[in-house]
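Visitor: Could you walk me through this one? I'd like to see how the pieces sit against each other.

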Amino acid sequence: MLSAQLSKFGRPEDAIELVELPDPGEPGPGEVVVDSELFPINPADILNLEGNYGAVPPGLPMIPGAEGVGHVAKLGAGVTHVKAGDRVLLPGPGTWRERIKAPAGSVFALPGRVDPRQLAMLRVNPPTADLMLHDFVAAHAGNWVIQNAANSGVGHCLIRLARQAGMKSVNVVRREELLAPLRAFGADVVLLDGPELDVRVRATIGDGVLPLAIDAVGGSATLRLARCLSDGGTVVNYGLLSGEPCMIDARETVFRNVSLRGFWLRRWFMETPREQIATRYRELLSKVADGTLSVEVEAVYPVRRIKEAVAHAARPGRSGKILVSFTPA
Ligand SMILES: NC(=O)c1ccc[n+]([C@@H]2O[C@H](COP(=O)([O-])OP(=O)(O)OC[C@H]3O[C@@H](n4cnc5c(N)ncnc54)[C@H](OP(=O)(O)O)[C@@H]3O)[C@@H](O)[C@H]2O)c1
């Protein structure tokens with residue numbers, strides 16, 4: 001079977017290679033074999049290919065990928081909650097391969113009529129946005145939330161989830177051409193990042209309560225968000241897009257009681273009971289199904305063009321996610 005593989009860190013398009021690996025074989029009792037259909041390339045995947053993701057580098061060679069969607073191909077003895085042909089989220093990690101054998105408990109049937117491209121992006125970004133919005137400060141209707149990299153996949157999810165919770169969002173981007181599309185998508189306020197962001201935010205939201213800032217960028221961008229918060233507010237940092245450590249100063253932390261926290265979805269998976277995780281996904285799945293959660297896709301590449309796909313995903317200024325397909329066009 002075909003698989004993408006990382007054997008040596010480097011430029012994403014150099015680091016990734018397509019290899020033939022042995023088929024995973026027949027499922028044992030309580031197992032399924034899933035045929036992969038589609039997966040997205042996320043910023044974490046790019047960092048991983050470069051050798052820059054996380055505190056501990058993974059052992060090599062490895063198969064990248066944290067998410068995607070596919071179909072149940074084979075069922076082992078005793079598996080009754082899914083049937084052959086059901087569309088399921090790919091069991092991960094290591095989703096960038098044609099066929100995956102996994103415990104049947106790690107898959108559940110997805111509804112038939114939902115766009116598979118959106119389902120392929122369900123596992124990572126929707127819960128990230130949802131958990132950051134609800135699990136750090138009380139999400140009161142009428143309050144504001146501010147985020148940077150607001151045109152990202154997480155950013156799009158956060159805009160819609162905030163709106164559903166009755167909150168209003170200030171969305172910070174680095175490109176002027178994003179202002180109008182994000183407003184059309186449901187963002188209450190969209191501003192360009194840069195000097196005096198706090199002054200521009202206050203000029204727009206007046207004395208509105210702004211207790212939560214969601215930071216994907218780090219570096220001085222963290223401080224710009226912190227300055228926008230109401231006293232006692234929380235910055236949640238979840239990304240390293242600038243490659244710089246988060247900056248925050250005593251004026252915010254000491255005199256205004258602003259705090260800086262971190263979020264990592266993998267920790268949530270490790271620390272949360274399975275039934276709670278399943279409940280959260282059921283809720284998010286219903287929001288994907290009804291169109292509340294929807295992320296633009298800029299291109300879908302066949303897996304044989306994986307090198308072009310990762311190079312494209314690593315480029316700035318995309319209008320949406322890059323997906324890779326195992327299905328012939
Ligand atoms: N901590 C966690 O558990 C967790 C979970 C999910 C995602 N994440 C992180 O969340 C972030 C967004 O992920 P995604 O999948 O939503 O992204 P995405 O849809 O692939 O979009 C990438 C975004 O990053 C922006 N960007 C790239 N470099 C930047 C820089 N130097 N300064 C400011 N913005 C920059 C892009 O802006 P342009 O369009 O202007 O290029 C775009 O908005 C990533 O850092 C990812 O690693 C973290």
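Helices, sheet and strands

Guide: In H4, the buried residues are Asn-125, Pro-126, Pro-127, Thr-128, Ala-129, Asp-130, Met-132 and Leu-133. Buried means that 20 or more other C-beta atoms lie within 10 Å of a residue's own, exposed means 12 or fewer, and partly exposed is in between, with C-beta atoms placed from the backbone. Keep in mind that this is a predicted model: local features need pLDDT of at least 70, side-chain atom pairs count only at pLDDT 80 or more, and totals for chains, interfaces and linings use all residues. Residues are numbered from 1 along each chain as its sequence is written.

Visitor: Which elements do the buried residues of H4 pack against?

Guide: Helices (H or I, at least four residues) and strands (E, at least two) are DSSP runs, numbered from the N terminus. Eight of the 10 residues of H4 are buried, so H4 is largely enclosed by the rest of the structure. Its buried residues pack against S7, H5, S10, S11, helix H10 (265-271) and helix H11 (274-289).

Visitor: At what angle do the axes of H4 and H5 cross?

Guide: Axes here are lines fitted to C-alpha atoms, for helices over the stretch in contact, and angles run from 0 to 180 degrees between N-to-C directions. H4 (residues 125-134) and H5 (residues 153-164) have axes that come within 8 Å, and the crossing angle is roughly 50°.

Visitor: So how are H4 and H5 oriented to each other?

Guide: Angles under 35 degrees count as roughly parallel, over 145 as roughly antiparallel, 65 to 115 as roughly perpendicular and the rest as oblique. By that scale, H4 and H5 are therefore oblique.

Visitor: Is the crossing of H4 and H5 left-handed or right-handed?

Guide: A crossing is left-handed if the near helix is turned anticlockwise from the far one by less than a right angle, and right-handed if clockwise. For H4 and H5, it comes out right-handed.

Visitor: Is Cys-157 buried or exposed?

Guide: Cys-157 lies in helix H5. Not counting residues up to four places away in sequence, it touches Asn-125, Pro-126, Ala-129 and Leu-293. Because it has 26 C-beta neighbours inside 10 Å, Cys-157 counts as buried.

Visitor: And Asp-249, buried or exposed?

Guide: Asp-249 sits in the loop between strand S11 (234-237) and helix H9 (250-253). With 12 C-beta neighbours inside 10 Å, Asp-249 counts as exposed.

Visitor: Which strands stand at the edges of the open sheet?

Guide: Two strands pair if DSSP finds at least two bridges between them. Six strands make up the open sheet, in the order S9-S8-S7-S10-S11-S12, with parallel pairing.

Visitor: What angle does the direction of H5 make with that of S8?

Guide: H5 packs on the sheet, touching strand S7 (144-147), S8 and strand S10 (212-215). Its direction relative to that of S8 is about 160°.

Visitor: Which strand does S14 pair with in the antiparallel sense?

Guide: S14 (residues 321-325) is mostly covered, with five of its five residues buried. Lys-321, Leu-323 and Ser-325 are on one side, and Ile-322 and Val-324 on the other. Five bridges join S14 to strand S13 (residues 297-302), and these two run parallel. The antiparallel pairing, over four bridges, is with strand S3 (residues 31-41).

Technical notes. Contact = placed C-beta atoms within 7 Å.
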